[in-house]
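Here is a friendly walk through two features of this protein. Please keep the sequence and the model open as you read.

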Amino acid sequence: MKNAPIYSVTQVNQYIKGLLDRDGALAGLFVRGELSNYKAYPSGHHYFSLKDAEGAIRCVMFRREAMGLRFRPENGMKVVAFGRVTVFPRDGQYQLYCSELTPDGVGDLHVAFEQLKQKLYQEGLFDPAHKKPIPRYPRKIALITSPAGAAVRDMLRILGARWPLAEVLVLPVRVQGAEAPGELCAAIAWANRHRVADLLITGRGGGSMEDLWAFNDEDVARTIYASEIPVISAVGHEPDVTIADFVADLRAATPSNAAELAVPDQNECYGWLEQMEGRLAGAMGRRLERARRELEQAGRCRALQDPMNYINDRRMLLDYQRDRLAHGLTGAMGRERERFARLAAALDALSPLKVLGRGYAIPQRSDGAVLRSAKEAMPGETLLLRMADGKVSCKVIEAAG
């Protein structure tokens with residue numbers, strides 16, 4: 001024991017690290033477990049633990065590998081990690097250096113799709129209230145897709161057959177690969193900035209989930225949502241669903257279906273115009289027939305056949321009314337004369353002059369005041385006696401009541 005070598009902590013850790021690094025089984029292995037204590041640092045490195053019912057292992061995923069994740073790891077998620085096991089000499093603890101991380105049982109693209117879908121849904125990007133109406137008769141349509149694919153040829157053919165009045169512009173972009181999301185965003189933004197169309201169709205033909213992944217990009221979804229020009233999403237075949245379909249103003253099952261939804265069918269419009277023409281002709285015919293009957297009826301009118309008949313009838317009516325008015329005035333004047341005579345007779349009967357005519361006299365003072373009682377007369381007072389034919393002046397000698 002006295003001659004036994006003494007090692008430093010670092011030497012021990014380095015020795016153990018060497019043993020682990022030389023072990024081929026630990027150089028690349030898959031580990032299944034549940035994420036715990038997951039944390040992404042500002043440096044871009046991700047630190048977490050994988051655990052099961054009986055144990056746990058520390059893990060690290062460096063920035064370069066973490067940038068390749070297509071989903072957002074969360075605590076409690078079942079995953080399969082691939083990497084190498086070694087010791088970090090500074091603290092002497094072994095850990096799994098992950099180079100790949102995938103959800104257990106489902107693909108990472110599927111998890112990323114569901115996570116982004118939930119995130120954008122909660123932010124309101126799928127709200128139907130935000131959907132803009134698709135113009136019924138678009139004048140300019142911009143196709144944002146690959147210029148070499150079968151999808152663009154199908155859309156051009158259908159648009160030309162259904163509605164040749166629309167001007168179609170193709171904005172060529174890549175629809176697959178790492179550069180595709182950026183080109184899609186740039187094309188949609190450019191179309192809005194320059195107002196090159198009143199309807200946008202973006203999409204591509206069918207493919208795997210990896211092939212369609214550009215239309216599940218968050219930036220593409222937000223660019224479609226922010227577009228002031230209505231957007232139709234036409235990605236893949238009918239069963240295929242992308243984030244762009246949820247955000248767009250209208251989702252088409254296929255690119256061909258998008259062309260059908262974008263414009264009306266000229267044959268249907270011609271049929272509708274012919275139907276309207278027939279209805280208009282029928283309405284005008286009925287109106288002309290009604291006007292003809294009214295004209296014939298007016299032609300049989302006596303006043304139009306001989307206008308003087310109408311005037312003569314009105315003259316006769318005027319004479320009749322004049323006679324009625326004259327007769328009425330004569331009768332009214334006679335009744336008023338009789339009434340006046342009765343009132344005059346009644347007034348004459350009540351006149352004081354009638355009383356005086358029967359031999360009575362009215363005593364009055366010099367100021368015209370009438371004496372109504374003998375007690376009102378004063379001895380020596382001069383009074384006037386008014387009679388039927390004049391007045392007599394007299395002097396009161398004695399007043400007896």
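## The largest pocket

The lining of the largest pocket divides into eight nonpolar, four polar and eight charged residues. Here Ala, Val, Leu, Ile, Met, Phe, Trp, Tyr, Cys and Pro count as nonpolar, Asp, Glu, Lys and Arg as charged, and the others, Gly among them, as polar. The model is predicted: local features need pLDDT of at least 70 and side-chain atom pairs pLDDT 80 or more, while totals for chains, interfaces and linings use all residues. Residues are numbered from 1 along each chain as its sequence is written, and side-chain values use heavy atoms, without hydrogens and water.

Which residues lie nearest the centre of the largest pocket? They are Arg70, Trp213, Asn216, Asp217 and Glu218, out of 20 lining residues.

## How α5 meets α9

Helix α5 (residues 150-162) packs against helix α9 (residues 255-262) at an angle of about 25°, with the axes 8 Å apart. That makes α5 roughly parallel to α9, a label for angles under 35 degrees. The crossing of α5 past α9 is right-handed, meaning that the near helix is turned clockwise from the far one by less than a right angle.

From α5, the contact (heavy atoms within 4.5 Å) uses Ala151, Asp154, Met155, Ile158, Leu159 and Arg162. On the α9 side are Pro255, Ser256, Ala259, Glu260 and Ala262. By class, this contact has seven nonpolar, one polar and three charged residues.

Technical notes. Axes are lines fitted to C-alpha atoms, for helices over the stretch in contact, and angles run from 0 to 180 degrees between N-to-C directions. Helices (H or I, at least four residues) and strands (E, at least two) are DSSP runs, numbered from the N terminus. Angles under 35 degrees count as roughly parallel, over 145 as roughly antiparallel, 65 to 115 as roughly perpendicular and the rest as oblique. On a 1 Å grid over the protein atoms alone, a cavity is a set of points where a 1.4 Å probe fits but cannot get out, and a pocket is an open set with protein on both sides within 12 Å along at least five of seven lines; lining residues have an atom within 4 Å of a point.
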